[in-house]
Amino acid sequence: MSDPVLLGDWHAVSQSDALRVGQVLGATVLDEAVVVWRDSAGVAHAFRDRCPHRGAKLSLGCVRDGLALQCPYHGWRFDGAGRCVVMPAQPGQDAPEKFSAQTLPLVEAWGLVWVALCATPAPVPVPVMPEVDDDYALVVDGPYEVATSGPRAVENFLDMAHFPFIHSGSLGAEPYTQIADYPVELSADGVRATGCKVWQPQTTLVAERGTETAYTYWVPRPLRALLTKEPGAKGEKPSDVIMLAATPVSEVHTQIWFVMAMTYAKGQPAQPFRDFQHTIFMQDKAVLESQRPQRLPLDPMAECHQRADRLSLTYRRWLAQLGLRYGVIPLA
Ligand code: FES
Ligand SMILES: [Fe+2]
C-alpha cells in the first residue's frame with residue numbers, strides 16, 4: 001500500500017557507524033526493498049534494491065573500485081548517481097540512461113542513515129533534536145524489531161500510565177499510578193504535551209534515588225517522537241532528550257531506533273546506556289506484540305480511553321487528519 005504521508009518522510013535504516021566505507025546493507029521500508037552503501041569518499045548512497053538488468057538484489061553485491069555498487073548477478077556497476085558505468089559482458093560500451101539504478105534521497109543525522117522513498121514531492125525536513133548541542137553525549141541504539149505497526153510503537157512511547165506496571169522499579173512503581181492532567185497541543189508541527197509528571201524509582205541509568213520526573217513530548221512526524229525531561233531549575237538544560245524513530249518495514253513489522261542525548265553521559269562509555277534502554281524496551285516489546293489489532297485504530301470509539309490517554313488520543317486524531325493509511329485502521 002503506498003502512503004503519500006510516509007513515502008516522502010525520512011526513515012532510519014542503519015546507524016551511521018554500522019555503514020562503514022565499502023559496506024552494502026539491505027533494508028525494507030514500507031514493504032519496499034532498499035539498499036544503502038558507502039563509497040570510499042565516505043559518502044552514503046541509497047537505491048531501490050533492484051538491478052535494472054534482471055531484477056537481482058543489489059544488496060547482495062559489493063562496492064567495487066571504491067565508488068560503484070556492483071550487482072551480484074552479471075556485475076553491472078552503478079556510481080553514486082545510479083548511472084551504470086560498467087557492463088562486464090560488453091566492456092567499453094556506454095550504458096544508456098535507462099540502465100540506471102533508481103536512486104533515493106538519503107541523509108545522515110543524529111548518528112542514523114535516513115532514506116525517503118520518493119523524490120517528489122520533496123521529502124519533509126531532516127529530523128531535528130532542537131535542544132541538543134555540544135553539551136550532550138549522543139548514544140544511538142537499535143534497531144529493535146517489533147511485530148506491530150509503527151503507530152502502536154509510537155503510542156507506547158507517548159504513554160506514561162504503563163510505567164508502574166511494565167517498568168516497575170525503574171520508570172514507575174506502585175502505588176504511584178495516578179497521572180495528573182497535562183496540556184496537549186495539536187499544531188502544524190505536530191503534537192506536543194507538557195508537564196507530564198510521573199514518579200520514577202530510577203529515571204535514568206545514573207539516578208541514585210526515586211524522583212518525580214516531568215516530561216515534554218513532541219511528535220513532529222507520524223513515526224517520530226521526542227521526549228525531553230523538563231529541567232529542575234530555570235535556566236538549566238534538560239538532562240535527557242530521547243528521540244524514537246519507528247521505521248515501518250511492513251504495516252505490522254517495525255524497527256525502532258533511539259537517539260539518546262544526555263548531559264550526564266559526556267565522556268562515559270555508551271554501552272551501559274544502551275543496556276539500560278534495552279532492558280526498558282524489551283519490557284515494552286512483549287506487551288506491544290500482544291496488542292490486537294496490530295494496526296492502530298483511528299476511530300476514537302474503537303478502544304476505551306482514560307484521562308491519561310489524552311496524548312495518544314490527540315496523536316490518533318492527528319494521524320486521521322493527515323490521512324495516514326499505513327499501519328492504522330483508518331476512520332470509516
Ligand atoms: S541482474 Fe544485475 S547485472 Fe544482471
Ligand atoms: Fe514503556
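**Entry 1: two domains**

How many Å separate the centres of domain 1 and domain 2, taken over C-alpha atoms? I looked this up before anything else, keeping in mind that I am reading a predicted model. The centres of the two domains lie 33 Å apart, taken over C-alpha atoms. Domain 1 covers residues 4-115, and domain 2 covers residues 137-329.

Next I looked at where the domains touch. Domain 1 puts 14 residues into the contact, and domain 2 puts in 16. On the side of domain 1 that touches domain 2, I noted α1 (4-7), β1 (11-15) and β2 as the elements that give two or more residues. Of these, β1 gives the most to that side, with four residues. I also sorted the side of domain 1 that touches domain 2 by class: eight residues are nonpolar, four are polar and two are charged.

**Entry 2: a sheet and its edges**

I went on to an open sheet. Its four strands come in the order β2-β3-β4-β9, and their pairing is antiparallel. Which strands stand at the edges? I found β2 (24-29) and β9 (103-104) there; each has a single partner strand, so one side of each is left without a neighbour in the sheet. A reminder to myself: strands of a sheet pair through backbone hydrogen bonds, either parallel or antiparallel.

I then followed β2 to its partner. Six bridges link β2 with strand β3 (residues 32-38) in the antiparallel sense. Val29 stands opposite Glu32 in β3.

The loop between β2 and β3 holds Asp31. I checked its backbone and found phi near 70°, a positive value in a residue other than glycine. Is Asp31 buried or partly exposed? I count Asp31 as partly exposed, because it has 13 C-beta neighbours inside 10 Å.

**Entry 3: another positive phi**

Trp110 gave me a second case to write down. Its phi is near 60°, again a positive value in a residue other than glycine. I located Trp110 in the loop between β10 (106-109) and β11 (112-115). Trp110 is buried, because 20 other C-beta atoms lie within 10 Å.

**Entry 4: the nonpolar core**

Which residues have the most contacts inside the largest nonpolar core? I listed Val34, Val36, Val115, Val154, Tyr217, Ala225 and Leu244, in a core of 82 residues. This core draws at least three residues from each of domain 1 (4-115) and domain 2 (137-329). I remembered a general point here: in soluble globular proteins, nonpolar side chains tend to be buried together.

Leaving out residues up to four places away in sequence, Val115 touches His11, Val13, Val29, Val34, Val36, Ala46, Leu104, Pro105 and Leu106.

**Entry 5: around Ala193**

Why does Ala193 count as buried? Ala193 is buried because 22 other C-beta atoms lie within 10 Å.

What does Ala193 touch, not counting residues up to four places away in sequence? I wrote down Tyr182, Pro183, Val184, Thr216, Tyr217 and Leu311. For Pro183, ten residues apart from Ala193 along the chain, the C-alpha atoms are separated by 5.7 Å.

Tyr217 took me to the next strand. In β15, Tyr217 is the bridge partner of Ala193. Strand β15 (residues 211-221) runs antiparallel to β14, and eight bridges join them. On from there, β15 pairs with strand β16 (residues 224-229) in the antiparallel sense over five bridges. Together β15 and β16 form a hairpin, with two residues between them. Within this pair, I found Thr216 opposite Thr228 in β16.

**Entry 6: cis peptide bonds**

Last, I looked up peptide bonds. Which residue does a cis peptide bond join to Pro175? The partner is Glu174, and omega is about 10°. I placed Pro175 in the loop between α3 (163-166) and β13 (184-187).

The peptide bond from Arg292 to Pro293 is cis too, with omega near -5°. Pro293 belongs to the loop between α4 (271-288) and β19 (296-297).

Methods
Residues are numbered from 1 along each chain as its sequence is written. Chains are lettered from A and ligands numbered from 1 in the order in which they are written. This is a predicted model: local features need pLDDT of at least 70, side-chain atom pairs count only at pLDDT 80 or more; totals for chains, interfaces and linings use all residues. A residue is buried if 20 or more other C-beta atoms lie within 10 Å of its own, exposed if 12 or fewer, and partly exposed in between; C-beta atoms are placed from the backbone. Two residues are in contact if their C-beta atoms, placed from the backbone, lie within 7 Å. Two strands pair if DSSP finds at least two bridges between them. A nonpolar core is a set of buried Ala, Val, Leu, Ile, Met, Phe, Trp, Tyr and Cys residues joined through C-beta atoms within 7 Å. Domain bounds come from an automatic or database domain assignment. Ala, Val, Leu, Ile, Met, Phe, Trp, Tyr, Cys and Pro count as nonpolar, Asp, Glu, Lys and Arg as charged, and the others, Gly among them, as polar.
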